[in-house]
Amino acid sequence: MRENIIRRWRRTRAACEAGMTTAEYAVGTLAAVTFALVLLAVVKSGAVRSGLAGVITEALGLR
C-alpha cells in the first residue's frame, strides 16, 4: 500500500513539473525575440547604418 502511494506521488509530482520546461523555453524564446527586435532597431538607425557601411566599404577597399 505504501509503495503504491509513493509511486502515485512521484507520478503526480513529475506531471506537475512537466510543463515547467515548456514555460521556460517560451520565456527564453520571447526574450531572444525581444533582444533581436531591439538589435534590429539599433542597426537600422541612421548613424549605425552609415557607420557599418563605412566599415564595410573600408574593409573591401572600395574607397
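Predicted model: local features only at pLDDT ≥ 70, side-chain atom pairs only at ≥ 80, totals over all residues.
Let's start with α2: its end C-alpha atoms are 21 Å apart, which agrees with the 21 Å that its 15 residues should span at 1.5 Å a residue. The expected span here is 1.5 Å times one less than the number of residues.

Residues are numbered from 1 along each chain as its sequence is written, and side-chain values use heavy atoms, with hydrogens and water left out.

Overall, we have two helices and zero strands, taken as DSSP runs (H or I, at least four residues; E, at least two) numbered from the N terminus. Of the 63 residues, 2% are buried, meaning under 20% relative accessible area with a 1.4 Å probe, protein chains only; exposed is over 50%, and partly exposed lies in between.

So where does Leu52 sit? Leu52 belongs to helix α2, and it counts as partly exposed because its relative accessibility is 42%.

Finally, the protein exposes about 5,800 Å², with carbon and sulfur atoms supplying 68% of that; these areas come from the Shrake-Rupley method with a 1.4 Å probe. Thanks, friends!
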